[in-house]
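Me: I have a chain open here and I'd like to walk through it. Can you take my questions as they come?
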Amino acid sequence: MALVSPTSELIDRYSKDSFGYCTIMDEPGPGTTSSRYGAQSNISDDDLLHITHAGSSSESSVPGDPTDSSGGIGNASFNDDIPGLGQYDDFHTIDWQRDIARDRTRHRYIVKKKEESWWDLLKGAHDAWSGWVCVLIVGVLSGVMAGVIDIGATWLTDLKFGLCPSAFYLNMEQCCWSSNETVRDISGNCSLWVTWPEMLGVGRDGAAGYIFRYLFYVGWAMLFALLAASLVRMFAPYACGSGIPEIKTILSGFIIRGYLGKWTLLIKAVGIMLSVASGLSLGKEGPMVHMACCIGNIISYLFPKYGKNEAKKREILSAASAAGVSVAFGAPIGGVLFSLEEVSYYFPLKTLWRSFFCALVAAFVLQSINPFGNEHSVLFYVEYNKPWLFVELVPFLMLGVIGGIIGALFIKANIYWCRFRKTSKLGQYPVLEVLAVTLFTALLAFPNKYTRMNTSELIYLLFTQCGVTNEHDICDYIDRDFTNVNHEVPIAKAGDGVYTALWQLILALIFKMVITIFTFGLKIPAGLFIPSLAMGAIVGRIVGIGMEQLVYYYHDSLPWFFEGKCSQDESCITPGLYAMVGAAAVLGGVTRMTVSLVVIMFELTGGVRYIVPLMAAAMASKWVGDALGKMGIYDAHIDLNGYPFLDCKDEFGHTTLAADVMQPQRNEALDVITQDSTTLRELKEVMKNSDHNGFPVVVSKESQYLVGFVLRRDLQLAIENAQQRLDGLPSDTLCVFTHHVPMIGSGPTPLKLRKIVDLAPITITDQTPMETVVDMFRKLGLRQTLVTHSGKLLGIITKKDVLRHIKQMEEEDETGPIIFN
């Protein structure tokens, strides 16, 4: 979908560091050439974005004619004659219709040339397979990137607790592999792993050891957070946040130069490792989508078919986003569905297959690297396979309701805090804010072992079943024997350790809920998947333990309730399953995903037989979340930051007409260009006195019958090209937008500009319902449409006008940071 170009006020708003979350500002890293306010700092709030539909003219340019600055938008020679045509400035919207038409024209030209020579046949074959080669390279590099980040983040995280003297490059788990000890805790209960107190000659146990471990934990966390925030601040401001709201906006057709650049990729890769290692309540999964799209953007420039066509490039970016989720969770199918359901705007069947291939390659490369040190490519593989009871659908649905409530509350609180950051002086000190949140997090997280440990380890602990190697308090049951592997896990009464763990988990839930509100939106790389899964897993495990104890006390008195399957000595309740369902419920409540969420969850855990409970919880979570707030966290941040995004999932049900929305309103003048009576001087004056990005071409100012539409950028390029070809171009030169040049006597040769005119612009009548207009903008990717009455031009409706009208109809606050306000 094409998006409206921002005004200078918007760009200024995006550029200010005081505005929170991940504000849009020019990337000051090496290689940056754009100005602080981009290329459109002179655009007013009344700018009109206009469209030219490529290929509307079937005639080709006449070679050698210096006055014919044309060649057709879709003609390959035109781009060679006039550099920059078909490209877009920073903070501009792309023209889907023109770019797709240009690609079709290019493709027809290549197919026709294939019959002429073997070399042209080879070039045609290269063009055909270039898309698959591109996504192959993207998948390989995404897998390598994810493997490096996983290994680096784990090592840095364990560095807060100690070091492996025999090999400093090993993390805690790898260091302990050669030990005969089967158990280690997060404090380093492994003889080969030396904690920081032990390096100072203090025992790891006791008050002194605890204090030293506490101090080192906080110190390393502060150092990692400072490095991450400083790198983002100095080298790549676009590297902050998760990046998914911006990726959605870019994939819908918006241009943000540098957001998918090489410096953003590098700084975000380093920054996410430091951010995760600092112990902040964030994840690396969302940023991996951003980094994979950076790789896709960079690699696409190796293939001009994609690098020079923004609409085609978004096919590669859609495949890259699927690869990002694939390597983040080890879920290739879930990645494809995530790209389809949550991120991509234009997703044809060809893109579906290439996204599938890209996600497959990325997952294969990641599994080959094996960053988790096991035979599984998933984060939280579960080994139990017990059937679930039909009666358990009740607690599963209850978890869905809880997840929807938690998600809605989190979104409202996080948006409130981010809005406060934008409107207060707090946003002017992003590095200090990061350090303050990190200090608060580290001080409160260390005393509780469930918040002290890595969040991924916590989720895995909550997902797994109690066994012989699991000696945490959460598995402290009375008279439960794990040593006999030939028998199922028996029903057992919860011991004191379980109740202690429950209180600690409740405190961890409150802590995670509160601290994540302040963390998501900091000026560091930060994802939201893992914190959401952790909150849900805690809720689910608590409910699962409650159900387990209910069965223990009442399985004999209520055999009908448990379908007679809990009357034996075996436990028929799996608390880890409840943790899985709870994790899906909260993540669904926060993001409002459904299909992709369920697929990601069963790929994430390997629990394929638990699809129905996951589906039930996901649906309940979405229903409750939508009832309490219509937007997920990513859409809420798109709205908060004023990104020009027209959501396909929304419906417009009002009864307004195009005449109510068009600009200008009736009885007001619209800047137009006549087809055969405008001189170069008049054309330059029209462009100078207005900030519109395009102009309708009419028969005459008296008749106002519509001929076509021409972009300001194309006019400028055509005039500059003609001035370069000619020694002098008189100001009284006639600019002709028709095929037949009028007879002008002895004057200068007319400048023929017909080929840059869109002779078939999308038009509607003034009585067209706005419901139809909104659907046209969504489904056709329009930048604007012209409004006529009986063939005469009345006005124009841009994307900005549509977005403004939708907001007005929803009676939202007009003083908010809306792009079109």
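Me: Take contacts between residues at least 6 apart in sequence. What share of them join residues at least 24 apart?
Reply: That share is 75%. Keep in mind that this is a predicted model.

Me: How many helices and strands are there in the chain?
Reply: The chain has 29 helices and 13 strands.

Me: And what percentage of the residues is buried?
Reply: Of the 821 residues in the chain, 59% are buried.

Me: Let's do helix H7. How far apart are its end C-alpha atoms?
Reply: They are 43 Å apart. H7 covers residues 206-235, which is 30 residues. At 1.5 Å a residue the helix should span 44 Å, so the two values agree.

Me: Which residues of H7 are buried?
Reply: Among them are Gly 209, Arg 213, Tyr 214 and Tyr 217. Phe 224 and Val 232 are also on the list.

Me: What covers them?
Reply: The cover includes helices H4 (118-159), H6 (196-199) and H9 (262-277). It also includes H16 (430-445) and H17 (449-452).

Me: Stay with H16. At what angle do the axes of H7 and H16 cross?
Reply: They cross at roughly 155° and come within 9 Å. Angles over 145 degrees count as roughly antiparallel, so that is how H7 and H16 lie to each other.

Me: Left-handed or right-handed crossing?
Reply: The crossing of H7 and H16 is right-handed. On the H7 side, the contact residues include Tyr 214, Tyr 217, Ala 221 and Arg 233. On the H16 side they include Pro 430, Val 434, Leu 435 and Ala 445.

Me: Now H18 and H20. How do they pack?
Reply: Helix H18 (residues 455-463) and helix H20 (residues 529-554) pack at about 30°, with axes 9 Å apart. Angles under 35 degrees count as roughly parallel, so H18 and H20 are roughly parallel to each other.

Me: What is the hand of that crossing?
Reply: H18 passes H20 in a left-handed crossing. Thr 455, Leu 458 and Phe 463 are among the H18 residues in the contact. From H20, the contact includes Ile 530, Ala 537 and Arg 541.

Me: Next, H21. How many of its residues are buried?
Reply: 17 of the 17 residues are buried, so H21 is largely enclosed by the rest of the structure. Helix H21 runs over residues 575-591. From first C-alpha to last it reaches 24 Å, close to the 24 Å expected.

Me: What comes just after H21?
Reply: Arg 592, which takes a positive phi of about 65°.

Me: Single residue time. Where is Val 336 found?
Reply: Val 336 is in helix H13 (residues 332-343).

Me: Buried or exposed?
Reply: Buried. The relative accessibility of Val 336 is 6%, and buried means under 20%.

Me: What does Val 336 touch, leaving aside neighbours within four places in sequence?
Reply: It is in contact with Ala 322, Phe 347, Leu 352, Ser 355, Phe 356 and Ala 359.

Me: On to strands. What is the order in the sheet with S7?
Reply: The order is S5-S7-S8, an open sheet of three strands with mixed pairing. Its edge strands are S5 (673-674) and S8 (706-711), each pairing on one side only.

Me: How do S7 and S8 run?
Reply: They run antiparallel, joined by five bridges.

Me: What about the loop between S9 and S10?
Reply: Thr 738 is found there. At 15% relative accessibility, Thr 738 counts as buried. Beyond its neighbours within four places in sequence, Thr 738 is in contact with Gln 675, Asp 676 and Arg 754.

Me: Last one. Why is S12 said to be largely enclosed?
Reply: Because five of the six residues of strand S12 (residues 784-789) are buried. S12 pairs with strand S11 (residues 763-765) in the parallel sense over three bridges. There, the bridge partner of Ile 764 is Val 787 in S12.

Terms used: Residues numbered from 1 in each chain as written. Predicted model: local features only at pLDDT ≥ 70, side-chain atom pairs only at ≥ 80, totals over all residues. Heavy atoms only, no water. Helix = DSSP H or I, 4+ residues; strand = E, 2+ residues; numbered from the N terminus. Buried < 20%, exposed > 50% of the residue type's maximum accessible area, 1.4 Å probe, protein only. Contact = heavy atoms within 4.5 Å. Expected span 1.5 Å × (residues − 1). Pairing = 2+ DSSP bridges. Axes fitted to C-alpha atoms, helices over the stretch in contact; angles between N-to-C directions. Parallel < 35°, antiparallel > 145°, perpendicular 65-115°, else oblique. Left-handed = near helix turned anticlockwise from the far one by under 90°.
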